[in-house]
Amino acid sequence: MTQRSDRRGSRWTSSSSRSFPSRGRRRAPKELTDEGVARSIQQSALRVRVALELCPVALDAKPLRDICLDFERTFETKRSSTMTARHDVRVELLECGLDKWQHVVELQRVLAALKGLEDNGEQLQLKVETVLQQDVKTKKRTLSLAFAGASVDAVWRIANSLMLRLKSCEVLSRVLLPTKRLVVPLLSLGVECSNVEGNMYQWEGRLVWSQVVLDAVVGEQREEIQRVVLPSFDAAPRSFSVAQLRYPGLVTLVDEMVRSNSGSGKPVVVVIRGIPGSGKSTLGKEIAALCRYKEVPFTMCSADMYFTTPRGYVFDGKKLSAAHEKCREDFTKAVTGAISEGNKQSSCYQHIVLVENTSTQKWEYAPYEEIAHTYGCRVHIVEMKCPDVLTAFRMGQRNHHGVPPRKVVSMFLRWEKDRRAHSFTPQFEHALLSANPLSDSDAGKLIYIGLFLEEKSRAKLVDQIPVVHTKKFADHVTLFYQPNLQYVRDVELGAPYSVRGVEVVQNDRGQTLRVEIDEKLHLQVRNKIPHITLSTASRVDPVYSNELLFNTLAKRTAVDPPLDLRARIGAVLSIEGEQVITTRSPFDADAVEYDVNHLRRATGNDVSPQTNTSTGSKLFIMHVNESDFADETEGRTMELHGMAKVLYRMGSGCKARLLCIQQGQTSSLPVSVLMKRVQARFHLSATQSFSDVVSFHEPVSLTRFNDTISEFLDAASLGPHHQFMILTTDAEVLQWPLREIKCFQDAALSVSRIGHNGVVDQNSSLLTSPCTTISAVLDSLGINIEEQTQSIILRGIGVIDDAWKRVTRDNGVLYRIDTTIMSISSPVVGLCLVLPIRTYLIEVATLQETLLSKLSAVRSVQHVVFDSSVPGRFYFSLCTTLSYSPTFCVQMVSSSEDSSSEFDKYVAVQLNCWQQILQSSRKSCDVEPYSVMTVFVRAILVSHCSSLLPSKCQLSSLVNLISERMVLHYFKSIESCGEVDAVPTAADVVSGRIVYSLYRMLTNLSKVNTDEWPAIFGTLLPTLQGNWKSQTEWSHAMENVMHSCAAVIAQYPCAAKGLSKTTSLNLTDHLRVISALIKLHVDKADDSSFVRAVVIVPSHVVWSQVHSFALCDKLRSAAAILVSQDDDNSKDDNSTGDENEGSRVFFSCVPSVVARRIDVTTLSLQVLRDVMTKMDAVEPAEYDDSSWQAEIEGWIGFDLYQSQVDMQWQVEEHDSNINC
């Protein structure tokens, strides 16, 4: 929801149109000239040249390659850079300048949308001929390739299209093609030759577009960094499939149009409206495809057609009126022509005339309605929805006509709704470019964050408390005026909360309502007294309410009973001098929901819920060399972090990911260690897993690579893929003829190179955002809290809430209990659903059965898995295109102590611990320093602590809670010493000096002895760690970690000197310190007495990361039943434990980076077999054939744990290391 604010009076105004005077050819103040663009590109951090690689048509009598070889054999020649080793031709299209990582992502998005050019349904072929040129000055001759006129126009269309798309996302580029004749040099003679007979080397033929090549340019140096290979052209007409539509709802709409117009003999008029980049063209093309499928004549009209030239789209603002006039003329001719054709044929004749323009206001398309009504035609209005200003800015970034995003936002602000319209929600082919669209947005300046009343609540407020002054407001509670970026990261736009009005305060200057805020609101209210400004006098600003609330002479009236209102979190942005309010999450467009009912109605066939109606399936392949990790330098590591993070995110929407590791022939490192190195180097989280991993011990060839990809696709039963993305550290892979691989032949293919000491490495550091803020430091290391994290977590909580309401018709009490900071990303998000009082254990199973049945019917839920070994525990994940997609672990817990299971008690302890930390954190300090220091400490513990540490809950949950306890302990120790001013504040986060607080905390904690750590953990956390032995292990681990951190801090002068507040701050230097502190330790040896193994899930079984986490918990539960690994049953907890050490069986398991594998560490392989046997034995018989299981069989994997026919567990042991 987006609204516009008018400070002159009423807060809510309609989106009115504004006119701007015409300025002729004069450019806008910020628009660069062609010379300015070229100069800016030259000065950019990294220049990239985009070239088109063309190959001859195979049907030519004599290939171009033979002509070139003959020329090279006869003369001493020098090959031009425009001819490849395979004698293909390369034409440079354009040059662009990249200054930040977002530009890299934008370039990748534009390249991913490339498609081959067609000519009347056939592959476009460029007509060329060889020419022998002679330089006037040097007299040297060159064998060149000249393009025919029409072919020059075709190449220009490609370059112009790329330039406009890059311009839309504010990436500067310029076309490098000549305006007239296009001649590409191939071979030049080394010496002057007069006896060259040009007739011998004459050749005419045709070239086709095969791939796009990207070169990084620094000075005179050039280096190839990426290839985008286009799919082979299929001349055969493909059969139409409804499942291929991005907007399947069009099937029903077109059917209704045709059916309702049957017998009239007149055409149906369809008006499509929407701002640039909203998907109007795609919608129009799909309507046209449906018309062809139904054999209904179709005519398309658009003002954009006026600006379409043989060389592409060329907009001229002076001709805009003429373009719309021509569009109306074409529309009138199409309508009258269709009527004439209908009169000639029968009355059953059908025809659809579509007009597609932006048409932001009704008057813009009213002439088309008048023309249609004049001829008695039915009119249907179809519009592409844009719900908020952030989505409008995103649409502007993806439009194809080079319209600046800010101009698109202006169009959105003047949008006029049409209640008659059929609305479609845009389907974006790529995820958001930023994980933090609000704090990173360029759409406008953020003014404040607030709670904005819903329409019904605002009407209720004004009705019960009449306003008394001229200027009326009564719409919001300000939470933070001019918030810092770290605060904004915790904002979830659109989240609903309750507001209670308790007292009206007023005088002759203002009127305000003092309110109480919902306790569930995790954001801190930075106003001293929360309030809603109701009204003010004519010359009084609403900010006066802050003064009014402290005025002892003001009239105060208690609201009895208190007024209960509903509000949503919103943000106010300043755009073009106007304040725009948005109260909608920018991530809603990325929430994938499968709705296939309309497909079934249209086709009569069964359609899988997994049908992807927008894009084809994708496979992401990462190919790395072991040598890339041998001698890494700190600077190079930072460069790799940035590039890998960007390019890996492009593969986050892939259904399958394959990791290929090239090991040395004498390599002794196990694959498990190399996998962890890949994770550490590229900052891959546990949720960014690979489907499989393959290692090569000899130089990999194209044939071997082909076999590997084919075997993976066959084994995983993934079927045909339409897009492949390869990320490699090996330059040789870029030169492979990858089109020869069978599975690549009919797919789009992108190959990118990273992590090499070349041109890109020399300048890639300039692309990273300057580390001038602590948020930038955290972002560059991949450990910061993110808006998308909170969005997906709150979405998961909302799904459970809604399902629970359908079960009990009551609001459930649901908490996230693995951390108090909602925006922290964890691979497993722990949720606790507190059941009503007197809910007995036997009732939990029934409630769980009903809840899972309701949950499985939710379209946005992807996987649901329940754990029958623990009553009330289940797991699920959501469908989303976001890069963060966690597994939700939900535990249903009874609030009655008499009816709780043993496991419930541990969950209750975790819930109580979470509540204690939550209460303490809200009183201790501002939320910004608390969250920053917590994510710092958490990142350190995750990288240093072993996964073998014992835990009675999810290990990630325990690490989160311990991190928060350590931060709270530090704050408490400061206060106890009387140094209240030393407690970090939000201002320290803004200035970056919060890093010094981190160093002081780590230094202080390094002085804590082992026996002092239980006091820091508190009274509840040790219970989650286990018995006294486990608690001792944790204390030793914390002591070792803090000692390591203190040693790192001592190595860096900026950290040691920075402990003095007078020291100047350079966050770039501290980036190196923080990077060293959180560096993942992957090579430290584990206890040699342990056996490391893997549990492999067969490829024919439906599997996901959700199943992996569920299986780990089931294995741990079975191990706890088989033998108490923590010796909980020991009668003498004060004993040394030596007498029981021989019988103590250690068992640990975690999901592997590979999705279908579980990493297990134990004392023997037999222990693992015993645990798995016990796991099968504890499955309750009553679940075998339950009716609700059959309903959601496609969504859960319950049978995976029971049927030895459907699933054979494979266990492998290899020299105390994992071999995957």
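Predicted model: local features only at pLDDT ≥ 70, side-chain atom pairs only at ≥ 80, totals over all residues.
**Exercise 1. Find Arg584 and decide: is it buried or exposed?**

Start with the location: Arg584 is in the loop that runs between strand E27 (578-582) and helix H14 (597-603). Next, take its relative accessibility, which is 16%. The cut-off for buried is under 20%, so Arg584 counts as buried. Finally, look for a partner: the side chain of Arg584 makes a polar contact with the side chain of Asp388, at 2.9 Å.

**Exercise 2. Work out which residues of helix H2 are buried and what covers them.**

First, go through residues 64-74, which make up H2; Leu64, Ile67, Cys68, Leu69 and Phe71 are buried there. Then look at their surroundings. The cover over these buried residues includes strands E2 (46-56), E3 (77-79), E4 (89-98), E7 (126-134), E8 (141-147) and E10 (183-189).

**Exercise 3. Trace the open sheet of 5 strands and explain why one side of E14 and of E19 is left without a neighbour.**

Begin with the order, E14-E17-E13-E18-E19, in which the pairing is parallel. Strand E14 (298-301) and strand E19 (422-424) stand at the edges with a single partner strand each, so one side of each has no neighbour in the sheet. On average, neighbouring strands here are turned by 20 degrees against each other, ignoring direction.

Now zoom in on one pair: E18 (residues 378-384) and E19 are joined in the parallel sense over 3 bridges. Met384 has Phe424 in E19 as its bridge partner.

Conventions
Residues numbered from 1 in each chain as written. Heavy atoms only, no water. Helix = DSSP H or I, 4+ residues; strand = E, 2+ residues; numbered from the N terminus. Buried < 20%, exposed > 50% of the residue type's maximum accessible area, 1.4 Å probe, protein only. Polar contact = N/O pair within 3.5 Å; in protein donor to acceptor, adjacent residues only side chain to side chain. Contact = heavy atoms within 4.5 Å. Pairing = 2+ DSSP bridges. Axes fitted to C-alpha atoms, helices over the stretch in contact; angles between N-to-C directions.
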